[in-house]
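Morning, everyone. Please look at the screen while I walk through a few local details.

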Amino acid sequence: MSEAPTVERLTGTLGAQVHNLDLATISDDSIYEWISAQLVEHKVLFFRDQNLTSDQHIAFGECFGEVLDVHPWSPSKEGYRKVMVLRGAAPRWHSDESWRDETPLGSILYCRVAPKYGGDTVFADMESAYAGLSSDMKAKLNDLHAIHDHLVHRRGMIHRGVPQQRIEKYREEWPEVKHPVVRTHPISGRKSLYVNADFTSRIDGVDKEESAELLRGIYRLADTPRYQCRFRWEANSIAFWDNRSVQHCGVPDYGEHERLMERVTVAGPKPQ
């Protein structure tokens, strides 16, 4: 009989490596329930030495939600619209696709080619960041909402020479959305900070200067080492993170080496 899967906690706040589990051969639905529970508890799970085809990658993601988001602008793998291809590292803190009205439950990133050095992904626990705030600051933020927008993507389109008419069409299709600054996890009930440097443009109903000051203060919390977990990529490693409770960024310190990642994104509900 094979060994039961186990988790090895990596930091005091978030992150755990899963051992004794081949994601390509799971045949028991209870294992998916176990992974879901571990994801909520540890916020990001890491799996080494996996060997998934793109079909298996998609199937694994669909076990945690019936719908996988298709990113409207980022490149997909040929023949696999649900598999996003990432060749560069996103160096700013963000929660994936918070510009959607219904935001992702989680993302499953698979390393096809790891750089010789560097290229780590760093995760920040925004539940612990919220818990560390003063009572007064919690009370101030609890009833606020923030505006999320895909401004970073629009800037990228402009840089690549995408016609302005097409950019405006995307903006009509994906308008600004409003989410709570402090969201409540639908499973655990824990509260977390839900604004990020890439996709949050302002706090609704607050003057420009105060909005900018509040957002800067929240953004700095992601840089706090005690709230972080750092993952060193190897080929065939997987990270599965809970977008409802963490932010992440990729470190672009791998020079000219290749870094090839593929991601599926599990759709989720509107933040509450």
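Start with a charge over a ring. The charged end of Arg 183 sits over the ring of Tyr 194, 4.7 Å from the ring centre. The cut-offs: NZ of Lys or CZ of Arg within 6 Å of the ring centre and within 35 degrees of the ring normal. Lys 138 does likewise with Tyr 130: Lys 138 lies over the face of that ring, 5.3 Å from the centre.

Some ground rules. This is a predicted model, where local features need pLDDT of at least 70, side-chain atom pairs count only at pLDDT 80 or more, and totals for chains, interfaces and linings use all residues. Residues are numbered from 1 along each chain as its sequence is written, and side-chain values use heavy atoms, with hydrogens and water left out.

Now ring on ring. How many aromatic pairs does a search of the whole structure find? The search gives 14. Rings of Phe, Tyr and Trp (its six-membered ring) pair if their centres lie within 6.5 Å; planes under 30 degrees apart are stacked, over 60 edge-to-face, the rest tilted. Trp 73 and Trp 99 make a tilted pair, 4.8 Å centre to centre, with 55° between the planes. They are 26 residues apart, with Trp 73 in the loop between β4 (68-69) and β5 (76-77) and Trp 99 in the loop between β6 and β7. Strands here are DSSP E runs of at least two residues; helices are H or I runs of at least four; numbering goes from the N terminus.

Trp 99 also meets Trp 174. Their ring centres are 5.5 Å apart and their planes at 85°, so this pair is edge-to-face. Trp 174 lies in the loop between α6 (164-173) and β10 (177-180), so the pair ties together parts 75 residues apart in sequence. Both Trp 99 and Trp 174 are buried. Buried means under 20% relative accessible area, exposed over 50%, partly exposed in between, with a 1.4 Å probe and protein chains only.

Next, strand β3, residues 44-47. Val 44 and Phe 46 point one way, Leu 45 and Phe 47 the other, and all are buried. β3 runs parallel to β2, joined by three bridges. Strands pair if DSSP finds at least two bridges between them. Phe 46 is the bridge partner of Gln 17. β3 also pairs with β15 (residues 238-242), antiparallel, over four bridges. There, Phe 46 partners Ala 239. Phe 47 belongs to a ring cluster with Tyr 32, Phe 60, Phe 64 and Phe 240.

Last, backbone. Glu 97 has a positive phi, near 55°. Glu 97 is buried, at 2% relative accessible area.
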